[in-house]
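I opened my notebook to look up two things here.

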Amino acid sequence: MQRFVLNQKNRITLICAVLIVIGFAGGLVFKNETIAVWSLMVASLFGLAPIAIQAYQALKVKVVSIDVLVTIAVIGAFFIRNFEESAIVTFLFLFGAYLEQRTLNKTRSAIKELTEMAPESALKQMDNGEFEEVEVDEVDVGDILLVKTGAKIPVDGTVISGEGSINEASITGESLPVAKGKGSTVYAGTILDNGTIQIVADRVGEDTTFGKIIELVEEAQDSKSEAERFIDRFAKYYTPAVLLLGILVWAISRDLELAITILVLGCPGALVIGVPVSNVAGIGNGARHGVLLKGSEVIRDFSRLDTMVFDKTGTLTEGNPSVSEKIYYEHPDEALEYLASIEHESDHPLAKAILAEIGPVKLWSVEDTEVVKGGGIVATVNGHRVAVGNVAMLESENVTLTEQAKTDIARLEKGGNSLVLTAVDGELKILMGVRDQIRPGVKEDLQRLKKLGVKNLIMLSGDNQGTVDVVGRELGLTRAYGNMLPEDKAAYIKKLIEEEGQIVAFVGDGVNDSPSLALAHIGIAMGSGTDVAIETSNVVLMNSDFSRLPHALGLTKATFRNMKQNIIIAVGVVLFLLAAVFFSEWMNMSIGMLVHEGSILAVILNGMRLLGYKLRK
Amino acid sequence: MKSASIQLDTLTCPSCAQKIEGATKAFAGVDAESVKVLFNSSKVKFDFDDEKVSVEDVEKAIADLGYEVKKTRVKDK
């Protein structure tokens, strides 16, 4: 019975509305008091049923909810035979709840879109070898699954046969299809654009990367900040307090009308719902733009950020050095082959960049190789003495540098290059500058961050100070420090937080820099949507896309502002109503309920604005 | 011990969350500490001892409060 009434809430609301219209028409137009009174009375009783049931259930679990206040108020109005008020209040309360549900669903839509991308079914190989469609929950680790063109990959797994290209946008944010063949890893929630593959399940359900992302977002939108927990505690005592106040007013003034009006006006609706609404809309907007924010605490800290600290390699720069410039001196042809032959035997990081630049050439056998620590390599190739290394080493090899060469060297060094010189028989043949390229767009993104109010942009790197200075200048950073080990970086962040009292975000590698990520108020790990990045970060950037940082920062600022606005609206409305009831003539229960429901809709609509938030260029 | 996650129809008022939390905690076999009502995702998560209470009992209690149960997932812990 209770369930039936609650399920019919929308219909009851409609009946209420019709009866109220009949009542007022009867009273005002046809001057028929009987119709007016009876229809308003019936409307009140109908409307009260679901509210009273909810109130009863709340009291059963020892909660004084808004329903309790409204129920008492309506019964009170009945007693003083004010059926107009009782009918209108119940209707407004029910209609308000209906609108709340509709609008709340909107604020949650962004996250719903994400969860709806979760796979539902899978084609599983049964004991008889046939594939049958089953619910995705019935897939266990080790099961063999068939995925056809256009289908969603149901679990994280490994391809055992077949080929295809997969759209991994749901995991990485990158919509360009990726080719997969035997042995490739595939992820749940991604879509097989073409081809047919068979996979073996490695991780299922909530353990898959996609499952973790969903869980993270779901937990995040319901995580509570200090302020929210305060409001919750407050609300727990607030409603009983309003009830007490009502009783007290009645006991003293013997004015039941005033007492029940206070009950209605005191409803805390907008206050309790205002902050969660901003939170869910903000996090939803982020999820849609490839930014996962882990909860409202993160939103608060991130929005008040003073300092952002970056790791250099792989974060601000590409992370794979390449030859940015090469200069040939007389007869370099054979020298190039000699250089390639020597680098071919080296595992130095620069060697890879140089070989990639030279491409396939004839390789000679290398003899008498001698590695000069911190300098380079000297060896004999095809009977010539070949030296490959930096300026200091070549000088110690007594290679004479021409004026032209010296100018070139100075220019390349200034540009932040590591230098590799090649000399054959004491004569300089080739000069190469190797550089780790700055990621495209990073400079503009940093500028945007600054415009959004980040005071300091700091870079910490294990690289030598010279290279660090050049990158720092080029990007317009506040400070740039080189020669730093992971523990030095962590110590530096600790200093910023403890001694300078700053709110700090650290952006870096999820594996090496985990101490810094953990220490900073906000840790942001770069690392292609991997588990480590998801777990260690407070803010996850899908596909490690640096360009989403400014959006993330702007969004958290907008969300935090939105929360504050909602609190102001809610508190302001309650204060206004209470003031009005004591100092004005026109305030009554119906107007109170109308304003109250209006304020709830106002905070929801205000929160909804966040769904469309975009960073202004 | 098992852990359950019950998906409900949209929750609209935070006091609903309080009610559901209270009703779930009332069961003897449910670990009261673990009960979490996620207001925005409209989900209830909790750990329970399946010898003392069945997930269907909890589902029914929540449904009786007027919240439609959409989907339930139970996992071993």
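**Entry: largest cavity.** I sorted the lining of the largest cavity by class and got nine nonpolar, three polar and no charged residues. Nonpolar takes in Ala, Val, Leu, Ile, Met, Phe, Trp, Tyr, Cys and Pro; charged is Asp, Glu, Lys and Arg; the others, Gly among them, are polar. A cavity, on a 1 Å grid over the protein atoms alone, is a set of points where a 1.4 Å probe fits but cannot get out, and lining residues have an atom within 4 Å of a point. The volume of the largest cavity is about 60 Å³. Volume here is the space filled by probe spheres set on the points, which are joined across faces, edges and corners. Among the lining residues I noted A:Cys267, A:Pro268, A:His596 and A:Ser599.

Which helix gives the largest share of this lining? Helix 23 of chain A does, with four residues. Helix 11 (269–288) and helix 24 (589–608) of chain A each supply at least two. Helices (H or I, at least four residues) and strands (E, at least two) are DSSP runs, numbered from the N terminus.

**Note on the model.** The model is predicted: local features need pLDDT of at least 70 and side-chain atom pairs pLDDT 80 or more, while totals for chains, interfaces and linings use all residues. Residues are numbered from 1 along each chain as written, chains are lettered from A and ligands numbered from 1 in written order, and side-chain values use heavy atoms, without hydrogens and water.

**Entry: second largest cavity.** I found two cavities of 30 Å³ or more. Helix 19 (residues 465–475) of chain A gives the largest share, three residues.

**Entry: chain B against chain A.** The contact (heavy atoms within 4.5 Å) takes 24 residues from chain B and 26 from chain A. B:Thr12, B:Lys19 and B:Asn40 supply 27% of the area that chain B buries against chain A, more than any other three residues. Together the chains bury about 2400 Å², 46% of it on carbon and sulfur atoms. Buried area is the accessible area (1.4 Å probe) that two parts lose on being put together, summed over both.

How many salt bridges join the chains? I counted two. A salt bridge needs a side-chain nitrogen of Lys or Arg within 4 Å of a carboxyl oxygen of Asp or Glu. A:Asp137 forms one with B:Arg73, the closest N and O atoms being 3.2 Å apart.

Notes:
1 Å grid on protein atoms, 1.4 Å probe; cavity = no way out; pocket = protein on both sides within 12 Å on 5 of 7 lines; lining within 4 Å.
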